[in-house]
Amino acid sequence: MTPPSTGQAVDPSRVPDVPLSPPTSNGGLLDVFRRRYLLRLLVRRELSARYQGSFLGMLWSYVQPTVRFLMYYLVLGVLVGFNQRVDYFGVHLFAGMVLVHYFTETFTAGTRSIVRNKAIVKKMAMPREMFPVASMLVSAYHTIPQALVLTVACFIVGWEPDGIGLVAAVLGFLIVATWGTALALLFSAANVFARDFSNIVQTLTAFVHFSVPMIYPFTLVPARFGEDLVGLYLANPLAEAVLLMQRGFWVGVTDDPDATMAAHLPDHLYTRGLVHLGIALVVLVVAQLVFTRLENKFPERL
Amino acid sequence: MSESIVVDQVSKRFTMRFHRTIKQMSIAMLRGQDLSDTFLAVDDVSFSVQQGESIGLMGLNGSGKSTLLKLISGVMRPDSGKVRTRGRIAGLIATGAGFHPQLTGRENVFLNAAILGMSEKETKARFDDIVEFADIGRFLDTPVGHYSSGMFARLGFAVAVHTESDIFLVDEVLAVGDRPFKKKCMARMEEIKKEGRTLFYVSHAPASVRKMCDRVLVLEKGQLAFDGPTNEGIKYLKYDDEDDVNSDENQDDDELGADI
């Protein structure tokens with residue numbers, strides 16, 4: 001068929017000064033950070049929507065970890081007696097919980113993010129990575145007050161912060177943020193195809209608390225499992241991140257930080273941390289590639 | 001050249017899944033039923049549109065119009081072939097905007113405008129115009145989930161028409177509006193057309209297509225069956241075979257798109 005001439009004169013000033021390009025966005029995560037204003041709106045939206053219709057609202061973000069903290073402290077610190085074996089077990093526990101809570105929040109909220117926003121995903125063209133990333137940022141926002149509480153608690157019991165420790169804590173945070181974003185991307189896409197995935201995520205996050213050395217001291221791992229399995233245990237990025245976090249906060253409050261480090265932290269803590277961050281970044285790239293493939297089917301499967 | 005939309009051998013296939021749970025799927029497999037079926041919603045469609053043209057996209061229900069519009073707007077990606085556009089795209093896809101039901105009208109205006117690529121400043125500058133056009137009054141701060149379908153469509157249309165864009169897509173939005181609103185929309189679309197934007201208009205109403213569009217594309221079962229001048233396109237679809245009752249009222253309904 002030949003395109004007909006419609007006799008329409010083209011006004012050259014109306015022709016936009018950009019090349020023809022596909023209308024779909026292809027930049028993935030890069031596009032997300034290019035459109036920061038939209039991201040900010042989505043984050044603000046999630047902040048107000050996450051606990052909509054509940055009286056305590058955002059307080060729930062703090063009630064849950066507080067209750068969990070008290071439970072762990074009473075059962076494992078007092079009843080099992082880690083209090084006597086670990087200096088300042090409360091700080092040891094809380095430092096880990098801040099990170100773990102950040103991770104599970106990112107993972108669960110991120111997994112649901114695309115399905116929850118299906119009204120928009122189905123009808124508007126935009127980088128869909130926005131939604132899991134916004135979930136991750138909202139969770140990070142909720143982590144700030146917890147980190148403040150941790151800092152204040154550390155100072156109360158007598159904390160000597162040190163530069164290396166703070167860098168370690170930041171490294172731990174980055175590992176968790178990167179893994180959280182990667183998993184949120186993967187599972188948010190998978191959740192579009194089968195809602196089972198949000199249930200799988202809930203099951204997975206239940207394990208997280210037990211797979212990291214916060215409710216028990218790291219020394220238990222080589223003692224019970226043997227030195228050979230320590231490497232396997234530390235292959236868990238969250239275990240490594242929690243140890244880095246404890247290096248940042250908990251080590252500084254103990255009576256003899258050097259002795260604590262020698263006894264309670266594994267060798268090559270920082271090298272392992274950097275390797276973990278590298279792996280996390282690779283996983284993030286893979287997650288982005290998978291997301292881009294699955295994204296094509298979002299509008300028809302939602 | 002000054003092409004605005006280039007669609008090149010584009011196909012989009014949908015997969016229909018009949019069974020969603022493992023139990024249903026295993027029973028179906030035992031019985032030897034199909035687990036899924038596919039159909040081509042858009043089948044090897046090619047055309048190009050110059051900047052400033054207004055195109056009417058017509059076809060029966062299920063002929064692939066909305067899918068084609070989603071491909072052009074970038075909501076969907078074609079399975080094969082290429083869609084390329086020049087400049088910013090705004091418009092309404094499949095009756096009603098992509099609004100978040102839990103957010104208020106006000107929040108949705110900002111979110112929607114941001115998705116369409118407007119900055120906070122641009123949105124603020126046009127906010128009053130948008131609200132006035134949508135005419136939703138005190139419901140502005142109510143979650144849009146509580147809106148009537150007319151209000152929903154009005155607000156969506158209001159945001160879309162006030163967005164800076166080079167290509168404007170409209171998909172049967174007028175079907176839910178009342179008569180005064182439809183008139184307002186037609187007037188606004190004519191302005192948009194005069195501004196030299198590319199207009200892509202999906203409608204079943206021959207008179208409004210005749211009025212707005214220079215060229216008509218007709219889809220039949222996903223294939224491009226006709227591409228040419230408006231009157232011939234409408235004739236092709238046999239949408240003009242109603243007897244020549246040209247009473248004013250009939251003309252009016254025809255024009256505003258009382259959907260067939």
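The predictor gives the complex an ipTM of 0.82 and a pTM of 0.87. Chain A has a mean pLDDT of 88, with 94% of its residues at 70 or more, while chain B averages 82, with 87% of the residues scoring at least 70. Where pLDDT is low, the predicted coordinates should not be read in detail.

Now to the make-up of chain B, which has nine helices and nine strands. Of its 260 residues, 48% are buried, and if we take the contacts between residues at least 6 apart in sequence, 73% of them join residues at least 24 apart.

In what order do the six strands of the open sheet in chain B stand? The order is β5-β6-β7-β3-β8-β9, and the pairing is mixed. Strands β5(B), residues 89-92, and β9(B) stand at the edges with a single partner strand each, so one side of each is left without a neighbour in the sheet. From one strand to the next, the twist averages 15°.

Please look at strand β7(B), residues 198-202, within that sheet. Its five residues are all buried, so the strand is largely enclosed by the rest of the structure. The covering is on both faces, with T198(B), F200(B) and V202(B) on one side and L199(B) and Y201(B) on the other. Strand β3(B), residues 54-58, pairs with β7(B) in the parallel sense over four bridges, and here S54(B) stands opposite L199(B). Strand β6(B), residues 167-171, also runs parallel to β7(B), joined to it by five bridges, and V170(B) has Y201(B) as its bridge partner. Further along the sheet, β8(B) and β9(B) run antiparallel and are joined by six bridges, with V216(B) partnered by G228(B) in β9(B).

Helix α6(B) packs on this sheet, touching β3, β6 and β7 of chain B, and its direction makes about 145° with that of β7(B). Which residues of α6(B) are buried? They are F181(B), K182(B), C185(B), M189(B), I192(B) and K193(B). These residues cover an arc of only 115° around the axis, which puts them on the same side of α6(B). The face turned away from the buried side carries the exposed residues R179(B), P180(B), A187(B), E191(B) and K194(B). Just after the helix, G196(B) takes a positive phi of about 90°.

The other sheet is an open one of three strands in chain B, with the order β2-β1-β4 and antiparallel pairing. The edge strands, each pairing on one side only, are β2(B), residues 36-50, and β4(B), residues 80-85. Neighbouring strands here are turned by 25° against each other on average, direction ignored. Strand β1(B), residues 3-17, is joined to β4(B) by five bridges, and V7(B) stands opposite V83(B). Helix α2(B), residues 65-73, packs on this sheet and touches β1, β2 and β4 of chain B, its direction making about 60° with that of β2(B).

Finally, the place where the chains meet. Here 46 residues of chain B are in contact with 33 residues of chain A. On the side of chain B that touches chain A, the elements giving two or more residues are β1, β2, α2, β4, α3 and β9 of chain B, and α3(B) gives the most, with five residues.

In chain A itself, I would point you to helix α5(A), residues 89-116. At 1.5 Å a residue, its 28 residues should span 40 Å, and its end C-alpha atoms are 39 Å apart, which agrees. Of those 28 residues, 25 are buried, so α5(A) is largely enclosed by the rest of the structure.

Definitions and conventions. Residues are numbered from 1 along each chain as its sequence is written. Chains are lettered from A and ligands numbered from 1 in the order in which they are written. This is a predicted model: local features need pLDDT of at least 70, side-chain atom pairs count only at pLDDT 80 or more; totals for chains, interfaces and linings use all residues. A residue is buried if 20 or more other C-beta atoms lie within 10 Å of its own, exposed if 12 or fewer, and partly exposed in between; C-beta atoms are placed from the backbone. Two strands pair if DSSP finds at least two bridges between them. The expected span of a helix is 1.5 Å times one less than its number of residues. pLDDT is the predictor's confidence in each residue, from 0 to 100. The arc is that of the directions from the helix axis to the C-beta atoms. Axes are lines fitted to C-alpha atoms, for helices over the stretch in contact, and angles run from 0 to 180 degrees between N-to-C directions. Two residues are in contact if their C-beta atoms, placed from the backbone, lie within 7 Å.
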